[in-house]
Amino acid sequence: MIEIFEKRKYLLWIFVFLLFGFFTKKIIKDFDGPIFGYSDTNNWEHTGFFLYKYLSFHPLPQIQFQNDGTLFPFGSNHVFQSWNLEKDFFWILFFRFFGNGPWLKIYYLLSVIFVFFGSYYILNKFFSNTRSFVISSLLTFFNFYTILKYPYHLVFSDTHWVILALVLDFAVLRYYMDHAKLDFFLVLLRLSVFAFGFGCELGY
């Protein structure tokens with residue numbers, strides 16, 4: 001079975017295309033507009049808008065956490081919101097040019113795509129195409145805990161940097177075991193992923 005997929009790689013990509021289509025249909029469901037729902041679901045659009053309105057860069061970068069944007073006219077301190085700067089700046093970028101839209105749904109889909117292809121690229125250095133494909137599919141489409149957190153706890157679902165960090169930990173150690181030395185590119189990539197992770201929600 002594995003030999004068939006190795007000889008006909010296009011079958012793998014047809015399968016992954018179908019997986020992404022099924023995932024988009026069943027989990028994200030539509031791209032008609034912003035994420036909206038019960039309880040915490042409504043926070044994710046709000047944090048992007050909050051930064052859009054209250055983040056300034058003059059004279060230095062600062063956020064007005066204490067304001068009357070909520071609980072008017074008394075106001076509130078928003079510092080304890082679930083901030084995710086990567087997600088929020090992605091939202092701001094599209095909101096600034098196109099207004100309200102399905103920007104966080106697109107962000108989530110890109111996160112899932114990034115997990116699959118990022119994992120596949122790294123693992124393919126050590127395994128065959130088929131094995132790399134299977135492992136990447138498991139990491140992407142069978143990560144049930146994070147999938148079922150969408151959209152209620154969106155910050156649990158955007159785990160691309162966490163998953164890639166774990167895959168890179170394996171890659172660094174596997175390369176060292178095989179060659180008795182570290183691969184500079186893999187180490188640099190691992191450090192970069194560590195830095196990028198600070199753009200995601202840290203509290204969870």
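Start by selecting Lys29: just after helix 2, this residue takes a positive phi of about 75°. Helices here (H or I, at least four residues) are DSSP runs, numbered from the N terminus. Before moving on, note that this is a predicted model, where local features need pLDDT of at least 70 and side-chain atom pairs count only at pLDDT 80 or more, while totals for chains, interfaces and linings use all residues. Residues are numbered from 1 along each chain as its sequence is written, and side-chain values use heavy atoms, with hydrogens and water left out.

**Back along helix 2**

Now select helix 2 (9-28). Its 20 residues reach 28 Å from first C-alpha to last, close to the 28 Å expected at 1.5 Å a residue (that is, 1.5 Å times one less than the number of residues). Colour Leu12, Val16, Leu19, Phe20, Phe23, Thr24 and Ile28: these are buried (under 20% relative accessible area; exposed is over 50%, partly exposed in between, with a 1.4 Å probe and protein chains only). They cover an arc of only 130° around the axis, which puts them on the same side of helix 2; the arc is that of the directions from the helix axis to the C-beta atoms.

**Into the core**

Stay on Phe23. Along with Tyr108, Phe141 and Leu154, Phe23 touches the most other members of the largest nonpolar core, which has 29 residues. Such a core is a set of buried Ala, Val, Leu, Ile, Met, Phe, Trp, Tyr and Cys residues joined through side-chain atoms within 4.5 Å. Which helix gives the most to this core? Helix 5 does, with seven residues.

Next, click Leu154. Not counting residues up to four places away in sequence, Leu154 touches Ile35, Trp44, Lys87, Leu104, Tyr108 and Lys149 (contact means heavy atoms within 4.5 Å). Another core, of 16 residues, lies apart from the largest one, and Leu123, Ile163, Ala165 and Leu168 are among its members.

**Rings to finish**

Show the aromatics: the whole structure has 33 aromatic pairs. Rings of Phe, Tyr and Trp (its six-membered ring) pair if their centres lie within 6.5 Å; planes under 30 degrees apart count as stacked, over 60 as edge-to-face and the rest as tilted. Zoom to Phe126 and Phe170, whose ring centres are 6.0 Å apart with planes at 70°, so the pair is edge-to-face. Phe126 sits in the loop between helix 5 (103-123) and helix 6 (129-141) and Phe170 in helix 9 (residues 160-179), so the pair ties together parts 44 residues apart in sequence. Phe126 is buried at 18% relative accessible area, whereas Phe170 is partly exposed at 33%.

Methods. Helices (H or I, at least four residues) and strands (E, at least two) are DSSP runs, numbered from the N terminus.
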